[in-house]
Amino acid sequence: MYLQLLNISKIFGKGEAQVRALESVGFSIEKGDYVAIHGPSGSGKSTLLTIMAGLQHPSSGKVIVDEISLYEELNNDGLAGFRSNYIGFVFQAFNLLPYLSTLENVLLPMAPVRISSKEKREMAHLALSRVGLTDRAAHLPSQLSGGQQQRAAIARALVNEPGIILADEPTGNLDTETRNDILSLFDDLNKAGHTILMVTHDASHIKAARKSIKITDGHIIEKEVIPRI
Amino acid sequence: MNLSNISLKSLFRQKGKKVFLLIAMVISLTTVLTLYSYVESQRLDIENQFDEFGANIVITPKSDSLVLSYGGVNISGIVTSLEEIEYSQIGKIKSIENNENIRAISPKLIGAGEVSFNGIRNTALLVGIELEEEKKIKSWWNLKGTFPEGDNEVLIGAAAAEVMKLSIGDTFTIKGTVLKVTSILASTGSQDDNAIMAPIETVQTILGKPGKISLVEVSALCVDCPIDDLVFQISQVMPNSDVKAIRQVMEQKMQVVDQVKKVSITIGTMLVILCGLLIFSTVTGSISDRKQEIGIFRAIGFTKSNIMQIILTESFLISLASGFLGILCTYLTVNLILPSLVDLSTENFRVNIWFAFTGAVSIIMLGLGASWWPAISASNIDPVKTINSL
């Protein structure tokens with residue numbers, strides 16, 4: 001078992017204003033899985049993603065990655081280290097820094113890492129080549145199309161060779177054609193051995209994954225293994 | 001790419017705000033350094049004046065009676081002091097331990113005599129002086145004519161010349177001795193204005209007091225010299241004399257400089273506080289604008305200390321630049337701008353390199369100090385709340 005969630009609950013607010021975003025959620029992910037977490041807006045998908053990423057403490061329950069119980073064994077710096085080493089984030093809004101070039105954006109997760117500049121650049125170029133953006137390395141994000149920006153964001157998520165890629169609505173801001181390109185890229189990355197966990201509210205994305213988990217009102221209501229066509 | 005690169009790249013965003021902050025810091029540092037340089041120049045000027053004028057010790061005959069004189073006004077008809085000092089005593093002053101601090105010794109014999117000129121008679125103050133020593137002590141004297149050289153040549157004060165209608169080249173008699181006016185002293189506002197000053201030997205002869213003097217003025221090089229020690233040592237070798245230090249004028253000047261210094265420190269402190277607040281508000285505003293970016297940093301694995309390092313490096317770079325530019329602007333202000341605008345009447349107005357260096361280091365410390373709290377608050381930004389899509 002690579003990633004395991006045990007009875008995760010998350011409650012926001014207090015008293016009458018209390019909101020139960022997640023209720024006793026549990027599932028596990030193996031290395032190399034491609035999981036789609038789907039459900040309607042406000043169902044708790046993104047909250048679940050942030051808890052898995054070590055960004056938000058659950059109200060109760062455990063997140064275990066590689067036999068490490070994140071919120072019990074790691075402090076703030078430890079969780080940051082976990083995100084740096086285990087997690088590659090892909091955001092819906094790309095979240096590239098506008099004043100950095102594509103290459104520099106990809107280099108960003110390695111900024112605190114103490115390895116040589118040359119090695120960092122080699123790794124960044126490799127990540128860019130994997131998403132097909134080698135020729136756009138020197139461009140600013142504003143000079144890239146939406147699809148290219150998301151590819152750059154995926155390269156940024158890949159550059160540290162993370163254990164899991166967490167993608168939050170990665171095609172939400174893209175047109176249909178570009179969306180299919182990105183999904184195809186995720187498929188390729190999964191085939192190359194990357195573990196992918198994608199949050200989406202678009203049911204059509206589920207077909208791209210190998211497993212799907214449906215969440216509604218903070219509860220898992222369906223787990224499904226999707227047969228490969 | 002490392003954390004410093006991120007700070008460097010980030011510096012060139014929001015250029016307007018950062019340039020504004022830089023200018024404010026440079027102006028603050030320049031003002032503080034310039035004020036300090038000015039106060040320091042005034043202090044040095046006064047020290048030089050101490051050296052230059054320094055008639056700062058007066059030796060008079062010891063007397064048990066009170067001096068019946070106030071503000072230069074003597075009570076008419078009362079003889080206040082008749083004691084005199086032997087001229088031969090002067091040599092003892094040169095034998096004291098701190099004699100290297102003594103710049104000039106000017107003995108004086110003072111008396112009154114009836115002056116006869118063009119048939120008009122006036123009673124005048126006659127002062128016998130040692131010409132060369134007097135010149136050293138009274139370097140501010142502004143004379144018309146030539147300084148007396150011969151035994152019968154005199155210089156007279158402006159008021160005395162006016163009252164007795166004397167001009168340069170005139171001769172007059174006093175107690176049967178004929179004296180020639182070779183120079184007239186421009187008004188000094190002191191008792192010198194009323195005096196006829198002649199070589200001391202001549203006056204001793206006129207007054208019938210050979211080998212006698214009324215008082216001795218001593219000029220000591222006084223910046224670092226122990227004036228009280230000098231007074232004590234002279235008192236030891238001249239036990240029958242009163243030895244007093246005159247410090248009032250210079251002390252008043254020093255008080256003025258001290259007041260200017262206090263005002264400068266107050267202005268400097270206010271500027272430092274203002275500058276600190278400006279840095280604080282600019283950095284806080286910058287962080288507020290960059291919450292999402294900082295959230296991304298945290299989400300992709302930056303620690304809190306990484307975030308602080310990025311923010312503080314930016315502040316350090318701006319502060320460093322303001323330190324260099326502040327020193328440069330101070331040099332320009334002190335050496336070019338101020339001298340061309342104002343007559344500062346000082347030769348000591350220059351930038352002290354060590355103080356400039358201290359100022360630059362201080363502004364860097366101020367920049368880092370004022371950014372510390374904003375940097376901590378930046379490191380505590382919750383990525384979940386700031387990243388749009390999460």
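About 2,400 Å² is buried between chain B and chain A in this predicted model. Carbon and sulfur atoms give 66% of that area. The contact draws on 29 residues from chain A and 24 residues from chain B.

Charged pairing across the interface comes down to one salt bridge. B:Lys9 makes a salt bridge with A:Glu104, and their closest N and O atoms lie 2.7 Å apart. Five residue pairs are in polar contact across the interface of chain B and chain A, both residues being at pLDDT 80 or more. On the side of chain B that touches chain A, at least two residues each come from α1 (3–11), α9 (291–299), α10 (304–341) and α12 (383–386) of chain B. Of the residues on this side, α9(B) gives the most, with six.

Now turn to the interior of chain A. Strand β7 (residues 164–168) is largely enclosed by the rest of the structure, because five of its five residues are buried, that is, under 20% relative accessible area. Both of its faces are covered. A:Ile164, A:Leu166 and A:Asp168 are buried on one side. A:Ile165 and A:Ala167 are buried on the other.

What are the strand partners of β7(A)? Strand β6 (residues 87–90) of chain A runs parallel to β7(A), joined by four bridges. There, A:Phe89 has A:Leu166 as its bridge partner. Strand β8 (residues 195–200) of chain A also runs parallel to β7(A), and five bridges join the two. Here A:Ala167 is partnered by A:Met198.

Key:
Residues are numbered from 1 along each chain as its sequence is written. Chains are lettered from A and ligands numbered from 1 in the order in which they are written. This is a predicted model: local features need pLDDT of at least 70, side-chain atom pairs count only at pLDDT 80 or more; totals for chains, interfaces and linings use all residues. Side-chain values use heavy atoms; hydrogens and water are left out. Buried means under 20% relative accessible area, exposed over 50%, partly exposed in between (1.4 Å probe, protein chains only). Two strands pair if DSSP finds at least two bridges between them. Contact means heavy atoms within 4.5 Å. Buried area is the accessible area (1.4 Å probe) that two parts lose on being put together, summed over both. A salt bridge is a side-chain nitrogen of Lys or Arg within 4 Å of a carboxyl oxygen of Asp or Glu. A polar contact is a pair of N or O atoms within 3.5 Å; within protein, one must be able to donate a hydrogen and the other to accept it, and residues adjacent in sequence count only if both atoms are side-chain atoms.
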